[in-house]
Structure formats: structure tokens, C-alpha cells
Amino acid sequence: SPNQVRYDKNSLAAQSVDGFGLAVTTASCYNLMQMDQADRTAFLEETFSREKGAGMSLIRVSIGASDFCLADNYTWCDKEGLENFVVHSEDKTYLFPVLKEIYAINPDVRIIGSPWSCPQWMKCNMPGGNSWDASKFNVAVTDEKTYDSWTGGRLKPSCYQTYADYFVKWVQVMEGEGFDIHALTMQNEPLNPGNSMSLVMPWQDQKEFVKILGPAMEKAGLGDVQILLFDHNFNYDDKSGQDNYPLNIYADPEAYKWSDGSAWHSYGGSVTELDEIQATYPEKSIYFTEASIGEWNYNFANCLINDFSSLFMGTLKRGGQGVTLWNMMLDDKNGPYSPQDGSCKTCYGGVTIKSSDYSTIIRNSHWYNVAHASSVVKPGARMMETSGFSFPSGFQCQMFLNPDGTIGVLMLNDQSSSQQIVFINDRFTVKYNVPAKSLASLIWQE
């Protein structure tokens with residue numbers, strides 16, 4: 001067969017996979033909490049159970065509000081001074097109960113936490129004004145006049161230590177509730193000043209802040225929590241002087257020490273941007289943390305194939321350790337979402353739940369993307385070296401050795417005809433016919 005794949009369980013990628021999942025926003029939690037308990041449990045088991053479902057194991061949570069929250073924008077310390085740090089009522093009411101149900105189903109779920117903004121009292125004006133002018137992003141902050149808006153602004157350098165302590169407190173509370181914080185990013189979309197909650201954090205700011213955050217986490221006994229740089233688009237949002245954002249930070253020896261990896265979104269540019277990131281610092285982790293589907297782009301077949309090719313197989317091919325997509329569950333009105341300007345009012349979730357009954361669920365392409373990957377590529381898996389194939393254009397295949405010895409396979413067939421694939425090693429042969437225009441995930445025990 002021309003489509004023979006010989007695999008080698010002794011030749012494995014250096015980086016292991018942490019998992020795949022969807023963002024657990026308070027909007028998603030609100031929708032889940034409107035469901036009957038039996039229906040909600042069934043959905044969460046289908047999503048997170050390793051025995052009964054897809055076994056999703058990596059989720060993203062906002063530190064404070066995001067553009068998919070119910071109340072006004074908030075952090076956990078909206079009154080000046082860390083003595084006023086307190087869990088916000090929206091997270092207590094919606095996020096915590098849902099996370100507790102998730103952890104009861106799969107206690108090994110890991111969380112990546114990302115803030116949409118620091119507390120307002122830690123913000124100052126952008127040099128030259130809060131504009132989209134890319135040249136202003138490279139100017140150091142010298143005027144710490146308080147910036148009274150959730151949208152845009154910069155972090156006051158005098159607040160770096162206080163903000164680092166804020167992160168420490170957030171992690172301590174979350175882990176005290178039983179939620180495993182695997183990684184933090186310092187800012188969601190740091191080059192986007194226009195989100196409903198946002199903070200401009202150019203690489204120059206993150207380089208200095210990570211030197212404060214890293215030691216603060218270590219001092220608190222939280223040194224195992226990864227600190228991820230960037231958390232934004234492959235094209236650096238076309239901001240002049242911000243190209244190679246994480247590479248610029250890694251180049252500083254002290255910042256390098258505290259920076260565990262980088263996180264990426266796909267609203268601009270191509271996953272090929274990760275080629276240089278991986279080649280230059282292969283020891284640093286890479287995570288894909290956000291992509292959306294919605295009214296502007298949604299076609300089930302196209303999104304299913306294209307997103308899996310780019311965001312999943314494209315990230316994994318380049319040493320990526322995990323993928324999270326945006327919003328686990330939204331309703332049929334694309335919400336609830338923040339009423340503030342800058343929030344996304346046209347986004348779809350991984351699944352859509354009908355608000356007329358809160359029981360009818362439509363699984364969208366992102367649901368299937370994550371389910372395929374998480375069902376067969378388990379936490380701790382490592383990609384295997386393969387050889388001997390001559391796949392046609394539009395066909396991709398990746399193979400993984402899971403910690404329990406099972407073989408997990410991800411395949412994508414964008415051809416108009418089916419493809420028979422034969423997997424071989426010295427002892428076994430496995431044949432599978434991959435339908436046209438499909439994803440296929442296989443797992444077997446040798």
C-alpha cells in the first residue's frame with residue numbers, strides 16, 4: 001500500500017502533551033447551571049470523563065471577568081489595596097460550582113488562567129494616549145496618572161509587585177478550592193487595546209513583569225505553575241516593534257529563567273509563526289489558547305477541517321503541549337456576553353444550548369475538534385516518529401504513545417475520496433479506511 005505508516009515507539013518527541021479542552025467562562029457556567037442536574041451531569045461526563053466521554057483535560061479560565069461574563073467588568077480586587085482582595089460573587093455563584101462538578105468527574109483536569117485586565121487602580125495612561133498607534137506600544141511608561149477605564153491602558157510599573165502578589169493570591173484561592181492551576185498568562189491579548197476588558201502589555205512590559213511574577217510565585221511555593229508569555233495572535237496583531245514577542249523576552253537571561261513558554265491565538269497570521277519559536281527555544285513550552293467560531297466564519301465542514309489542521313495538528317507538529325478553544329457552551333443568542341463595547345456578540349461556543357429549554361444541545365465543529373484529540377491523545381502522550389508513507393495532498397496523520405502504552409492516532413482527510421491507511425511495526429498491522437472530508441481518531445493497545 002502506498003499509504004503505509006511505520007511507527008517507532010522508541011523515537012519520541014521531547015515535549016509531552018498536556019491535553020485539550022474548551023474555555024470555562026462564567027457565561028458557559030451560567031448556561032450549565034440552567035440545566036437540570038441530570039442533564040448537566042450527563043454533558044459534563046461526556047466532556048470530561050475518561051471512561052464515559054471525551055476525557056478533556058485542559059481548560060482555560062479568566063482571572064476576573066472576560067467579555068463572556070454576566071455582570072459589569074470586575075477583578076478580584078476592585079477597591080485599591082490587596083487587603084481588599086476577595087473572590088467575586090459571579091465566580092462564587094457560577095464558576096466554582098461548575099468546576100467542582102468537573103473535578104468530581106475528572107480530578108486531573110488542568111487550568112490555564114488568563115486575566116483580561118488588571119484592577120483599574122493599577123492602570124495608567126498609554127504614552128501618547130490610549131490609541132491604536134503601534135508606535136506608542138514601544139514607549140516606556142513614565143506618567144503613572146491613573147487610567148479610569150477597563151479598556152486599554154498600561155500597568156503602572158509601581159504596581160508590578162502588587163500585581164504579582166495578586167496572581168499569587170488568585171492561584172492560592174483556586175488551588176485551595178481543589179482546582180489545579182497548571183499555567184498562567186500575564187495578559188489575554190496584550191496587544192489589543194479595544195477589548196471590553198483589556199490591558200496593553202507590550203513585550204517590554206512583560207519582560208520586566210515576569211522578573212517580578214516568577215520570584216513571587218516561587219516564594220509562595222507555586223513554582224510549578226507555568227508562566228506563559230504573550231497569549232495573542234500569530235501576526236502580533238500587526239503592531240510594529242512587537243514581532244517575535246516571546247523571543248525578545250527569552251533573550252533576557254533573567255526573564256528567560258522565569259518564562260516557561262508561550263501562548264497563542266489565531267485571529268491573525270499563521271501557525272507557521274511557531275516554526276521559529278520552536279526552533280529557537282525548543283525547550284520552552286507552546287500552547288494554543290484561543291480561537292473562536294461565529295457568525296462571521298462558521299461553516300461546519302470548513303471549520304471542522306481547517307481548524308483541526310491548523311490549531312491542533314499544526315500546533316502539535318511544532319511541539320505544542322495543549323490546545324484550548326474559546327467558550328465551552330453559549331446559548332442560541334450567542335451569550336450571555338458582556339454588554340460592554342468590545343465584547344464578542346457573534347461568537348459560537350463549542351456547543352450551543354437552546355435557551356427555550358436548556359436541554360437541547362447542538363455540538364459545533366470546535367466540540368468535535370477537541371473531542372477527537374482528547375479521546376485518543378492522553379495527558380503525558382508524546383508524538384512518535386513515523387516513516388514509509390506517501391500521503392496525498394490534504395491528508396495528515398500524527399501518532400502518539402500514551403503513558404498507558406496505548407497508541408493514539410489523529411488523521412485528517414481533506415480529499416474528496418476515502419483513504420485506506422495501514423499502520424505497521426515489527427509485530428502488528430492496523431488498517432483503517434478514512435472517509436472523505438473527515439477527521440478520524442484511533443486508539444489501540446498492543
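Predicted model: local features only at pLDDT ≥ 70, side-chain atom pairs only at ≥ 80, totals over all residues.
Figure 1. Searching the whole structure gives 17 salt bridges. The close-up views that follow show some of these contacts.

**Figure 2. Close-up of the salt bridge between Arg6 and Asp426**. The N to O distance between the two side chains is 3.3 Å. Arg6 belongs to strand β1 (residues 4–12), and Asp426 sits in the loop that runs between β20 (419–424) and β21 (429–434). Asp426, at 77% relative accessible area, is exposed.

**Figure 3. Close-up of the salt bridge between Lys211 and Asp252**. Here the side chains meet at 3.1 Å, N to O. Lys211 is part of helix α5 (residues 203–219), whereas Asp252 lies in the loop between α6 (245–250) and α7 (253–258). The two residues are 41 residues apart, and their pairing links distant parts of the chain. Both Lys211 and Asp252 are buried.

**Figure 4. Network of salt bridges around Lys211 and Asp252**. The view widens to include Lys207 and Glu208, which are linked with Lys211 and Asp252 in a network of salt bridges.

**Figure 5. Close-up of the salt bridge between Lys239 and Asp237**. The side chains of Lys239 and Asp237 are joined at an N to O distance of 3.6 Å. Lys239 has a relative accessible area of 6%; buried means under 20%, so Lys239 counts as buried.

Conventions:
Residues numbered from 1 in each chain as written. Heavy atoms only, no water. Salt bridge = Lys/Arg side-chain N within 4 Å of Asp/Glu carboxyl O. Helix = DSSP H or I, 4+ residues; strand = E, 2+ residues; numbered from the N terminus. Buried < 20%, exposed > 50% of the residue type's maximum accessible area, 1.4 Å probe, protein only.
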